[in-house]
Structures are given as C-alpha cells and as structure tokens.
Amino acid sequence: MNAKSSLKRNCQMILFFVIAAAFPLVFTNSYFKQLGTIVLLYAFYASAWNILGGYAGQLSLGHGAYIGLGAYITTVLFSEFYISPWLGMVISGLMVGLFAVAIGYPCFKLSGVYYSLSTIALVNVMRLFFIAEDTIFGFKTGSSLGYKIEWRGTLIDMQFLDKKYYFWLILLLLAVVVFVSHRIKNSKTGYYLSAISTNQYAASSLGINTTYYKLKALFISAFFAAVGGSFYAMFIQYIDPASVFNYDTSVEMTVLAMVGGRSTVVGPIIGSLLLVPLKEIARSNLGASFAGLPLIIYGVILMLVVYFLPNGILPLFKHWYSIILRRRREDLSV
Amino acid sequence: MYTLIQSAISGLLMGGVYAIIALGLSLIFGVMKLVNFAHGDFLMAFCYVAWAVVSFWNVDPYLSILIIAPISFIVGYMFQKIFINGILRKEKSTESPNIRLFTVGFAWSLGNLALLLFGANIQVTNTAYKGSTFFVGDYMISIPRLIAFAIALFVTAILFVFLYKTETGRALRAISQNRFTARLMGIDVERLYCIAFGIGIMVVGISACLIIPFYSVFPTMGSTFGLRSFVIVVLGGMGNLPGALISGLFIGLLEAFVGTYLSTTYANMIIFIVFIIALVVRSSNWFQNRLARA
C-alpha cells in the first residue's frame with residue numbers, strides 16, 4: 001500500500017515537472033517566462049526553508065542572510081576568479097552552509113522564539129554590513145550601489161539571452177531540492193527532525209543528538225538558499241544588499257511554506273504556485289497606484305491560514321480528495 | 001568632550017522612549033510568553049493616528065494621549081480577545097510558531113496598509129515647539145525629546161505602581177510566574193491576557209504621541225522601533241521590566257555614541273550585534289519568571 005502510494009506520488013511529481021517544463025514553450029511571451037521563473041525560484045526558496053523551518057521546526061525568519069551571501073560569493077567568484085557559476089553555486093552553497101553552521105551552533109542553544117529573533121538580527125546585520133562596507137575581504141562589493149555582473153554570455157557563464165533557459169534551470173534545481181527534501185523526510189534524519197520539531201526535550205531524552213540534527217538541517221537548508229541566491233544573481237545580473245539580504249523575502253519563504261503545508265514535500269511548491277503569481281500580477285498591474293497591496297494580501301492570507309488552517313492548505317486538499325474518492329467508491333458499490 | 005556629553009544627552013533622551021516601547025513588549029511577553037512581532041507596526045499605526053489627530057483637529061500632541069491611550073488599550077484588548085485567544089484555544093502552548101507567524105502576518109499587513117494609504121513619503125507633525133531647544137551651559141537640549149523622556153518615566157512609574165499595588169497587577173504577576181497555578185487560584189487567565197495585551201499596546205499608543213513632535217512618520221518606521229524593542233527586551237531579560245528600562249537607556253546611548261563617532265549605519269549594526277551576543281550569552285532558562293523576581 002505504502003510503496004504503491006509513493007509510486008503514485010512519484011508519478012504525480014514527474015508529471016508536474018514535465019508539464020512545467022512545457023510552460024515556456026507554450027507561453028513564449030517574455031513576461032510569462034520571467035513570471036514563471038520567479039514562481040519557481042520562490043518555490044525553491046520555500047522548499048529550502050522547509051527543511052529547517054518545517055522538518056526541524058526551527059522558525060527561521062532570516063534565510064535572506066544565506067541567499068544574499070550565496071549571491072555575493074558566486075558573483076565574486078565569477079567576476080574576480082573567473083569561476084563558472086555552475087561550480088560557483090556549489091562552492092558558495094558549501095561556504096554558506098559552513099557559515100550558517102558556525103552561526104547556528106551558538107544560536108541553536110536558544111529555543112523557540114529566541115532562535116527566530118536571532119535569525120532576524122542575522123539578516124539585518126548582514127544587510128547593514130554590506131551597505132556599510134565598500135570592500136569586503138579585499139573584494140569590491142560596491143556597498144549599497146550594488147554589483148553589476150559582467151556579461152560574458154556563454155553557457156559556461158550561466159548567461160542566456162532567452163529567459164526560458166533560466167526557467168528550465170530553476171526547474172531542474174527545484175527538482176533537486178524536492179528530491180533531497182523527499183529523501184530527508186523518509187530517512188532516519190527526517191524522523192529525528194520530526195521528533196525534535198514536536199518536542200525537543202523529549203527527543204533529546206530519547207537519545208537524539210538534537211544539536212547535531214538541527215545543524216544538519218540548517219546546513220542543507222542554507223546550502224540550497226545560497227544556491228537559490230546564486231541563481232538569482234545570474235538571473236537578474238545585478239545584486240545589491242537591499243534586494244538580496246531582504247527581510248521580506250525571508251518572511252515570504254516562511255509564508256509560502258506555511259500556506260502550502262509546513263513539513264510536507266510539496267507544500268512549499270503548492271504555496272508558491274498559489275501565492276507568487278497572485279502577488280506578481282497584483283504588483284505589475286496595481287503596484288504603481290496601490291503600492292503595498294500585494295503584501296497586504298500576503299499578510300492577510302498568512303493570518304487566515306494560521307487561524308483557520310494551522311497545517312496549511314495541503315491537508316485540506318487531501319481531505320477533499322478523499323471525500324471525492326469515497327463518493328466515487330460509494331457510487332460504484334451502488 | 002563636548003561631543004561626548006552632547007551625544008550622551010540625546011542618546012539618553014531617545015533611550016527613555018525606546019525603553020517604554022520595549023516595556024509594552026516585555027509586559028506582553030512576561031505574562032503570556034508570547035512575542036508580539038507586530039509591536040513596532042502597532043507603534044507605526046498609532047503614530048499615523050496621532051499625526052492625523054494632531055494635524056486635522058489641531059490637538060496638542062501631549063493632550064492627544066488622552067484620546068489615543070484609551071483607543072490603543074481597546075485595540076490591544078480586542079486583538080488579544082479575538083485573534084490570539086482564538087489561536088491559543090486550538091494550540092497547546094503560547095510558544096507555538098503559529099502565534100508568532102500570525103503577528104508577523106499582521107505586522108506585514110499593517111505596514112503595507114500604511115504604504116497603501118499614505119504612500120512612502122514621510123509625514124511631519126507641525127507643533128509650536130517643534131525643533132525648539134534650550135541650553136544648559138553649552139549643551140543643547142531638545143524640548144520635545146525632554147518632554148517625551150519625562151512622560152516616559154512617568155508612565156513607567158505608573159505601570160510599576162499598577163503591577164505591584166493593585167489586585168489586577170498582582171494577578172498579572174501571578175500568571176507570569178505560573179499560569180496553571182494562577183488558574184487554580186481562580187484567576188481568569190484569558191481575560192488577564194487581554195488586559196496585558198491592552199496595556200502593552202496602550203503604552204505603545206502613548207509612545208506614539210510622544211515621538212511624533214520630533215520624529216517623522218513613515219510606513220517602515222515599525223521595523224526600526226520594533227527591532228529596537230526586541231533588542232532591549234532581550235538585553236534586559238524577557239519579561240523583566242526594570243531590566244528593559246535600563247537596557248533601553250543603554251541602547252539609546254550606544255546608538256548615539258556609535259552614530260556620532262562612526263556612522264549611523266554602524267549604529268544600526270552594532271545594536272544587532274549586541275542583540276545576537278545578548279541572545280547567545282543568556283541561555284533561555286535564565287529568562288524564566290523574571291517579571292516575578294524583579
């Protein structure tokens with residue numbers, strides 16, 4: 001039963017990715033390609049966040065720190081050392097992962113809300129630091145003016161004229177994070193993380209090394225956040241502290257994962273597919289005359305979901321699906 | 001030396017205002033073990049209300065406290081009664097991430113609602129004593145900041161009298177020690193949660209009236225003050241009111257010194273670094289029952 005349902009779910013996921021891959025071929029308008037890429041990028045961010053915030057239950061509101069650092073490291077590697085972003089992404093992911101672990105080790109001594117507060121402080125310190133300093137570790141980062149990435153325009157440089165290649169690239173990255181996320185959830189680590197998330201003290205009294213597993217989740221989560229940041233840098237071709245070390249983006253990842261369904265593999269993707277197009281369309285159509293409206297919608301949806309559906313929308317969908325199935329079975333039996 | 005003393009004066013005066021904003025947050029945390037992420041945005045909202053009252057009805061900002069304080073108490077009371085108590089009934093503990101996320105969502109909506117209604121421009125409140133100063137020796141003291149500081153201390157004193165000399169205050173302190181035992185003693189915990197939240201937001205409403213004569217109002221000011229309050233509350237000990245007062249003054253001074261001698265960007269950064277250090281140095285067990293012991 002279990003193997004059969006997981007096979008079915010795998011088929012559903014593959015079907016989703018195949019249909020998504022056809023998107024830029026159907027909607028050739030560059031606005032849609034851009035929109036689709038952004039939706040998938042947020043799905044990627046939210047899935048990365050979910051490994052720490054969902055599975056391990058550590059509510060981070062500062063993942064922007066890892067996105068930004070990843071974006072800057074990849075950019076510096078690309079511009080100063082001529083290292084291809086394909087490799088730079090992985091290097092920056094590993095570096096940011098280690099950075100996150102170094103910062104996370106003392107911060108994980110804090111529980112619950114204190115951890116959330118420390119992550120908010122982290123993203124703010126990083127942003128202010130990159131705004132204040134023109135040169136960091138001898139590399140010119142351009143303080144608040146930002147960093148324009150040089151155009152080299154080959155496949156090795158991850159620079160494409162047609163936006164659809166970026167779409168496929170982020171789709172591929174999303175598939176990787178979904179695969180990793182799925183593997184973690186159904187592994188020993190996943191069960192340990194779930195125990196930590198439910199009750200850290202009980203988990204620790206059963207002999208789980210809680211700090212080790214939380215750091216492991218943080219490393220993976222920060223790694224993917226940095227990869228997402230690197231992708232963002234190459235996609236937009238310009239980074240500045242205010243847009244990559246962004247507190248709002250950090251909260252947004254949380255919102256998307258929460259709305260879709262925290263601690264589930266597909267929840268963050270569902271949340272992003274539902275909300276990001278809504279926000280982006282509202283922004284491009286109403287943004288000029290009604291600034292702020294897109295984020296009000298987000299805030300209100302977050303409040304409604306927390307109030308009425310604390311486990312997100314996914315369980316609700318599952319509930320409806322099971323009702324439909326039951327009806328159909330009843331029809332057949334009659 | 002002159003610069004040092006001058007920046008110390010302005011730092012202390014600002015610190016007093018930071019301190020009472022943080023007192024509200026600390027009280028709410030002490031009683032409910034709930035961190036209100038919307039604290040700064042409540043302040044922003046009441047700054048707009050106070051600005052509207054002062055600008056359109058020509059009310060003196062300090063007299064407008066008499067209007068804003070009851071309104072803000074009711075807003076806080078109802079917020080707790082309708083929303084937070086509703087979530088609390090479904091959840092087992094107040095420390096659940098869902099309540100935190102609810103206040104985050106509320107803060108977001110409020111901040112962007114202000115952006116939608118008033119735009120990103122700053123709003124300046126015009127009063128007779130705006131920008132007026134007097135001199136003590138060579139040192140310049142801003143009159144609105146001094147008044148804000150004095151009223152802030154006065155409000156703090158009233159809050160302490162309330163917590164230590166009245167039956168309701170005693171009940172609040174009992175809940176902060178142990179809410180289960182408090183319930184067994186016949187205290188209506190849910191109603192007192194509402195009162196605690198109401199008082200916390202009322203303090204914010206009063207601070208809004210105090211800062212508008214010298215601080216311009218803009219939609220993102222919530223995060224500036226909100227994050228400062230978190231820093232102050234953590235530094236002083238969650239739920240520890242005298243601690244919040246002292247660390248509020250400390251943060252005001254620190255900001256003024258770093259701002260004067262380095263740059264304002266560094267001043268913001270130093271505050272967050274102090275925050276992380278304070279968080280890490282004080283293990284979370286240390287915070288428990290501070291309100292009661294203080």
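Guide: pLDDT is the predictor's confidence in each residue, on a scale from 0 to 100. This is a predicted model, so local features need pLDDT of at least 70, side-chain atom pairs count only at pLDDT 80 or more, and totals for chains, interfaces and linings use all residues. Residues are numbered from 1 along each chain as its sequence is written, while chains are lettered from A and ligands numbered from 1 in the order in which they are written.

Visitor: What pLDDT does chain B average?

Guide: Chain B averages 85, and 94% of its residues score at least 70. The model scores ipTM 0.81 and pTM 0.86.

Visitor: Where in chain B is confidence lowest, and where highest?

Guide: Helices are DSSP runs (H or I, at least four residues), numbered from the N terminus. Confidence is lowest in helix 12 of chain B (residues 290-293), at a mean of 46. It is highest in helix 8 of chain B (residues 189-211), at 92. Over residues 284-294 of chain B the pLDDT is below 50. Beyond near neighbours in sequence, that stretch has 25 contacts in the model. Two residues are in contact if their C-beta atoms, placed from the backbone, lie within 7 Å.

Visitor: How many residues does each chain bring to the contact between chain B and chain A?

Guide: Chain B gives 36 residues and chain A gives 36 residues. On the side of chain B that touches chain A, helix 4 of chain B supplies the largest share, 14 residues. By class, that side has 23 nonpolar, 10 polar and 3 charged residues. Here Ala, Val, Leu, Ile, Met, Phe, Trp, Tyr, Cys and Pro count as nonpolar, Asp, Glu, Lys and Arg as charged, and the others, Gly among them, as polar.

Visitor: How are two packed helices described?

Guide: By the angle between their axes and the distance between the axes. Axes are lines fitted to C-alpha atoms, for helices over the stretch in contact, and angles run from 0 to 180 degrees between N-to-C directions. Helix 9 and helix 11 of chain B pack at about 35°, with axes 9 Å apart. Their contact includes Arg228(B) and Val231(B) of helix 9 and Ile271(B) and Phe275(B) of helix 11.

Visitor: Why does Leu249(B) count as buried?

Guide: A residue is buried if 20 or more other C-beta atoms, placed from the backbone, lie within 10 Å of its own, exposed if 12 or fewer, and partly exposed in between. Leu249(B) counts as buried because it has 20 C-beta neighbours inside 10 Å. Leu249(B) sits in helix 10 of chain B (residues 241-261). Leu249(B) and Ala19(B) are 230 residues apart in sequence, yet 6.5 Å apart in space, C-alpha to C-alpha.

Methods. Helix = DSSP H or I, 4+ residues; strand = E, 2+ residues; numbered from the N terminus.
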